[in-house]
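Please read them beside the sequence and the coordinates.

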Amino acid sequence: RSRISDFILSNNINAVVTGTDSLYMIHLPYEKGVQIKTPEDIGAKTDIYKRENEFKVRLLNEGLHVMHGGGAISYAHSYEDLDFIIEKTCKVLDEMK
């Protein structure tokens, strides 16, 4: 999460990463500077349609399948897998800004 969050901040992308432990989600807020603290915030403050359609399709076109704008990382993922996930996620977010 931190590498994607750092990329978002350094490239002025209107997106937010949330999650805990091995779970993460990418959110596309309607407005910059929005904080996502509750599940209700996701529905009220973010463009779920854009995330669930455009974002996910773009990631699929890059060879990455995600659930609900993110997913779960496990010991089954190699460092190369993690680099691939981060690279493709950042690429798509940059294209969508």
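1. Helices (H or I, at least four residues) and strands (E, at least two) are taken as DSSP runs and numbered from the N terminus. On that basis the protein chain has 4 helices and 3 strands, and from the N terminus on these elements follow the order α-β-β-α-α-β-α. The radius of gyration of the protein chain is 13 Å, close to the 13 Å that the globule rule gives for 97 residues, so the chain is as compact as a globular protein of that length. Here the radius is taken over C-alpha atoms, and the globule rule is 2.2 Å times the number of residues to the power 0.38.

2. On provenance, this is a predicted model, in which local features need pLDDT of at least 70 and side-chain atom pairs count only at pLDDT 80 or more, while totals for chains, interfaces and linings use all residues. Residues are numbered from 1 along each chain as its sequence is written, and side-chain values use heavy atoms, with hydrogens and water left out.

3. As for overall dimensions and surface, the C-alpha atoms of the protein chain fill a box of roughly 35 × 25 × 25 Å along the principal axes. The accessible surface of the chain comes to about 6,100 Å², of which 54% belongs to carbon and sulfur atoms; accessible areas come from the Shrake-Rupley method with a 1.4 Å probe, and for residues only the protein chains shown count as cover. Of the 97 residues, 35% count as buried, where buried means under 20% relative accessible area, exposed over 50%, and partly exposed in between (1.4 Å probe, protein chains only).

4. Among contacts (heavy atoms within 4.5 Å) between residues of the protein chain at least 6 apart in sequence, 43% join residues at least 24 apart. The chain carries 12 positive and 15 negative side chains, and the centres of the two sets lie 4 Å apart. In that count Lys and Arg are positive and Asp and Glu negative, with His and the chain ends not counted, and the place of a charge is NZ of Lys, CZ of Arg, CG of Asp or CD of Glu.

5. At 1.5 Å a residue the 18 residues of α4 should span 26 Å, and its end C-alpha atoms are 26 Å apart, which agrees; the expected span is 1.5 Å times one less than the number of residues.6. Within α4, Met96 counts as buried at 14% relative accessibility. Leaving aside neighbours within four places in sequence, Met96 is in contact with Leu28, Lys50, Glu54, Phe55 and Arg58. Met96 and Arg58 are 38 residues apart in sequence, and their C-alpha atoms are 9.3 Å apart in space.

6. Helix α3 has 14 residues and reaches 19 Å from its first C-alpha to its last, close to the 20 Å expected at 1.5 Å a residue. The buried residues of α3 are Arg51, Phe55, Lys56 and Leu59, and their cover includes β2, α2 (39-45) and α4.

7. Leu64 has its place in the loop between α3 and β3 (70-72), and at 8% relative accessibility Leu64 counts as buried. Apart from neighbours within four places in sequence, Leu64 is in contact with Leu59, Phe84, Ile85, Lys88 and Thr89. The C-alpha atoms of Leu64 and Ile85 are separated by 7.0 Å, with the two residues 21 apart along the chain.

8. In strand β1, Val16 is buried, with a relative accessible area of 17%. Setting aside neighbours within four places in sequence, Val16 is in contact with Ile8, Met25, Ile26, His27, Pro29, Val34 and Ile36. Val16 and Gly70 are 54 residues apart in sequence and, C-alpha to C-alpha, 11 Å apart in space.

9. Two backbone angles may be worth a look. Asn12, in the loop between α1 and β1 (16-20), has a phi near 55 degrees, a positive value in a residue other than glycine, and Asn12 is exposed, with a relative accessible area of 57%. Asp21, in the loop between β1 and β2, has a positive phi of about 50 degrees although it is not a glycine, and at 71% relative accessibility Asp21 counts as exposed.
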